[in-house]
Amino acid sequence: MPISDKKKASNAKWNKENITTLGCSVKKEEAALFKQFCKDQGKTSNTVLKDFVLACIYGPETEEPPEKPPSGP
């Protein structure tokens, strides 16, 4: 069943308020090699990059962020 226009609008509003896109520039050849690496792992490039970002923030064994981010010092 297709997603209703109301649901699409609701999702877009939530994403605008809660999600940001990170990006970096690399040579086309490197991008192609990275995409192939991800494919070989059975993952998308977005998933690999997101997992890396979360590991940098929350630790290498973290697949999902904790319920509440740790407070400052």
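**Entry 1: ground rules**

I take helices (H or I, at least four residues) and strands (E, at least two) as DSSP runs, numbered from the N terminus. With that settled, I place F52 in helix α3, residues 45–58. I am working on a predicted model, where local features need pLDDT of at least 70 and side-chain atom pairs count only at pLDDT 80 or more, while totals for chains, interfaces and linings use all residues. I number residues from 1 along each chain as its sequence is written, and my side-chain values use heavy atoms, with hydrogens and water left out.

**Entry 2: the chain as a whole**

I find 3 helices and 0 strands in the protein chain, and along the sequence I read the pattern α-α-α. For burial I use relative accessible area: buried is under 20%, exposed is over 50%, and partly exposed is in between (1.4 Å probe, protein chains only). By that rule, buried residues are 7% of the 73 residues in the protein chain. I get accessible areas from the Shrake-Rupley method with a 1.4 Å probe, and for residues only the protein chains shown count as cover. The protein chain exposes about 7100 Å², and carbon and sulfur atoms supply 57% of that.

**Entry 3: aromatic rings**

Next I looked for ring pairs: rings of Phe, Tyr and Trp (its six-membered ring) pair if their centres lie within 6.5 Å, and planes under 30 degrees apart count as stacked, over 60 as edge-to-face and the rest as tilted. My search of the whole structure gives 1 aromatic pair. Its members are F34 and F37, and I call the pair stacked because the ring centres are 6.4 Å apart and the planes meet at 25°. I see both residues in helix α2 (residues 28–40), 3 residues apart, which is about one turn of the helix. F34 counts as partly exposed at 28% relative accessibility, and F37 counts as partly exposed at 42%.

**Entry 4: salt bridges**

My rule here is a side-chain nitrogen of Lys or Arg within 4 Å of a carboxyl oxygen of Asp or Glu. How many salt bridges does a search of the whole structure find? I count 2 of them.

One joins K13 to E17, with the closest N and O atoms 3.3 Å apart. These two residues sit 4 residues apart in helix α1 (residues 5–18), so about one helical turn separates them. I list K13 as exposed, with a relative accessible area of 54%, and E17 as exposed, with 53%.

Another joins D51 to K43, and here the closest N and O atoms are 3.8 Å apart. I note D51 in helix α3, partly exposed at 28% relative accessibility. K43 is partly exposed too, at 42%. While at D51, I also checked E61, 10 residues away along the chain: the C-alpha atoms of D51 and E61 are separated by 9.8 Å.

**Entry 5: nonpolar patch**

I build patches from residues with over 30% relative accessible area and no salt bridge, joining like charges within 9 Å and nonpolar side chains (Val, Leu, Ile, Met, Phe, Trp, Tyr) within 5 Å. L22, F52, V53 and I57 make up a nonpolar surface patch, with about 420 Å² of accessible area together. At 54% relative accessibility, F52 counts as exposed.

**Entry 6: largest pocket**

On a 1 Å grid over the protein atoms alone, I take a pocket as an open set of points where a 1.4 Å probe fits, with protein on both sides within 12 Å along at least five of seven lines; lining residues have an atom within 4 Å of a point. Grid points are joined across faces, edges and corners, and a volume is the space filled by probe spheres set on the points.

The largest pocket holds about 860 Å³ of space. Which residues lie nearest its centre? I find L22, N46, L49, K50 and V53 there, out of 20 lining residues. Helices α2 and α3 each supply at least two residues of the lining, and α3 gives the most, with 6 residues.
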